[in-house]
Structure formats: C-alpha cells, structure tokens
Amino acid sequence: MKKFSFDGVIFDLDGVITKTASVHSRAWKKMFDEYLHLREEKYNEPFEEFTHTGDYLLYVDGKPRYKGVEDFLKSRKIEIPFGDTTDETTKETVCGLGNRKNEAFNQVLGEEGVEIFESTVKLMKQMKEKGLRIGVASSSKNCENVLKAANLEHLVETRVDGVVSVELGLEGKPEADIFTVACDNLGIKYNKAVVVEDAVSGVQAGRNGNFGLVLGLAREENERELLINGADVVVTDIEEFGLNEIENWFKNQLSENNWNITYHDYVPEKEKTRESLLTVGNGYFGTRGVFEENCAGDFNYPGTYIAGLYNRMESKVGDRMIENEDFVNCPNWLPITFMIDSGKWFDINNTEILDFKRNLNLKNGLLTRLLIVRDENGNETKIESQRIVSMHNPHLAAIRYSITPLNYSNKLNFKSELDGNIINDGVRRYRELNQDHLTDVTEGYEDNYSWIMSKTKQSEIEIAVASRI
C-alpha cells in the first residue's frame, strides 16, 4: 500500500460532507425571527430579520449552538440570561433559544432527510481504501444522527461533536479542541493532518491548531474570508483538491509555505506590527514593510535603518535635561503613488479594498503585494508591487510597481519621491524626547535620477540616498 506524506483528514460535517448547512441556516432563521417578533411585541423593539449572509455566516455558522445564540444576540445588543441546557424551548434564555433551534432542525431534517456532497464522500472512500485515517469534528449535537441518516458511519473512525465536547469540556470553534482530540483519537500528529472546513470559525480553529493543511471550502462565495481567517488553500468543491493535491501539498508545498508570511487583509490597527514583520534587509540596512504610498501616521510608519547609525540628542523632560541615543530613521526611499486624472493621490486608508494579498518570502527575501481597489467614482484598479534588498550589493534595493486599470480608461499620474523630512516617531512613549536627528538636507535630480543628502546632528554621519526610475 502506498505510503503518504500525511496521515489523515478531519472533516467538518455540515457544509463539508452533508448539505445540512442550509437546514441549519433555515432552522436558525425560523427560531430567531420568531424570537425577534416576540421582542417586538413584548419590548417594543423594531423587528430586523435574521439573514443568512449578514447574521448566520458571521455569528452562528460552525459554532456550538449556545455560543451561536450568544454571539448573535450580542451583535443585536440583546441581553438575556444564559439559563441551563435543560431549559424548555419556551424559556427566554440562551439555552432555551438554542434548544428551540435544535427542535426546528430535527423537524426539518425529519421532513427533508440528508443530502450529501458526492465529491467529499468519494474522497472519504478513496482514503479508506488507501488506509488513511478519517475523523469528523463538528459543533453539532446532531452529528451522530446525521451520519446515520446519510449512512456514512462506516467511513468515520472517530466523531468529536457537540455531545462529546460537553462530556470532555472542550472549547468550541474557533478553538482547535475538537480537531486536536479527533487527531489524538486517531493517533496522528497535527502537522500530518488535514482539516477540511467551510466556516470561518472552522478555519480559525484549524489555524489555531497548527495543522499541516487547512483546506477551506467556499460554499458561500466566501473565499477571501476563509483565506483571511486561516485557510491555506480554498476551493469551491473538494473535487478540485483531491488525494494527489493533498499529497503534493505535504510533499512539496508545505515546506515552501512555511517560508512565507502572508496576509489577505488590511487591518489598520495591526499595520505597524505587520510592517515590522515584513521588513526586508541585508545586514547593512533594513526597511520596514510599509506600503509605497503610505506616509507616517496613526497606522503606518516608514522606516529605514542602517547598522551602527546612531545619534545622541538632549531633551527637556519636566524640569531637567536628559540625553538619549537613538537608532536613526533614515530618509525614506519608498514613496511611489498614483492619481487618476486630476483626482486624489491614492490612500489605502481611504479606499474600498476588493482583493488583497501581501507576502514575504523569507527564503528569497521578496516582498510582494497585490491590491484591487475601488475609488469613490467606481474606478477599479489593480496595484502590484515587488520589493527586494540586495544581498550582493549591501547598498542596493529595488521596487517594481505597476498599475492596471480594470474598468476604466483615463490619464494616470505617478509620483516618486525621496523623503528626507524624517524623524524617529515610531514609539509613542518616546515622543516627548527630541527625535529630529537629521540636518543639512540637500537634494537634486537630473533626468530619471534623484538624490538626497543629510547628516546626523551629533554623530555627524553623512547619509546619501539616490534613486533611478
């Protein structure tokens, strides 16, 4: 029998093996809409219906039942007692509502039966024939009944579901407990296991458990959300990523993936940390992974630092003078931006992002970025950039920057700069100190060359930066 590079797969149930996700969604909607109408009558609160996209996918999908109730009610700023798991379905508690949803689910399940995803079941059968281990991890307390109704029990070696979670005191998704326990039951290592999930909370759990492959199934056209939250690979159906593709991932792609830091979203509040992690350098100088278009501000901080380049400054703090030595932030060589016709210069902090991927390959030192944005006039633009710092020549760095208009034709204006108006402003608690370390700034340009000269005020180290477009 062929030896594989991975040991087994842990499948979620709803939306991955069986088509019960839609049954769950309808049951949740039935229960919540009834309860929201009750609150309208009882508390004079305006009724706002429970929706699949706006509520089910965001707050409920993939989570333990009572956690889903809690998170949805919290999103509507509704506070009710948690209650007890034995609460009657008529009781106005979290558990009462959860039990009412379960009643509605079993009613729909009994009436409609269980449909399966043929491609997933086909993969499970192939795995069984090859001796690979198979587990199911689900938040649902109805998991066993669903597997029986679908006649799939014989394919599953271990089941860790909502019932088992209560018995063992496991944390629900996005914690990894149900997946790690499933692996433990099968006797396989987490880094040799695949987690297959269709829910955001599920891929978060897969990421939190550090599994070898987190495979996301974008059943709801939610590819980007699954990538943002931890999926290594996203497909619309598992037939796109079968045994051969999984084996190739573990044999070839996993080691490459481990060399990469990748982000699929732009979160301004996290950006300064990410800029630090995405620094490119060569031992002589390093440049933070800030976007070419961004200036220093609340969310972004361009910084280039040269080894051994320090400067001392005196600052008056309170009623005394103190001396502080800083690692000097040097002139910024990154600035490149664009403008459509006579509009505004591009600013990622004030635009709609349609697609996003940023990656640093730690093996070859290449920082890449892909952005698709839409401006206030509906113009959609693809922005691509690549950045390196040379290991061969310690003084050399390069950027490749390109713009592609996707749905418009217009004049594009580009601007490239060398910015010498730089201070050390990255650490908030040091802002009372004198951070203006550069002086004697001079600049010039000729044809497609430009340059800037400056000098540190106390250590008197000259810094020259030049660029060629």
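Residues are numbered from 1 along each chain as its sequence is written, and side-chain values use heavy atoms, with hydrogens and water left out. Because the model is predicted, local features need pLDDT of at least 70 and side-chain atom pairs count only at pLDDT 80 or more, whereas totals for chains, interfaces and linings use all residues.

Select L227, G230, A231, D232 and T262, which lie nearest the centre of the largest pocket among its 36 lining residues. A pocket here is an open set of points on a 1 Å grid over the protein atoms alone, where a 1.4 Å probe fits, with protein on both sides within 12 Å along at least five of seven lines, and lining residues have an atom within 4 Å of a point.

Colouring the lining by class gives 13 nonpolar, 13 polar and 10 charged residues, where Ala, Val, Leu, Ile, Met, Phe, Trp, Tyr, Cys and Pro count as nonpolar, Asp, Glu, Lys and Arg as charged, and the others, Gly among them, as polar.

Then move to W333, A397, V465, A466 and S467, nearest the centre of the second largest pocket, whose volume is about 860 Å³. Strand 21 (462-468) supplies the largest share of that lining, 7 residues, and the lining divides into 24 nonpolar, 5 polar and 4 charged residues.

Notes: Points joined across faces, edges and corners; volume = space filled by probe spheres on them. Helix = DSSP H or I, 4+ residues; strand = E, 2+ residues; numbered from the N terminus.
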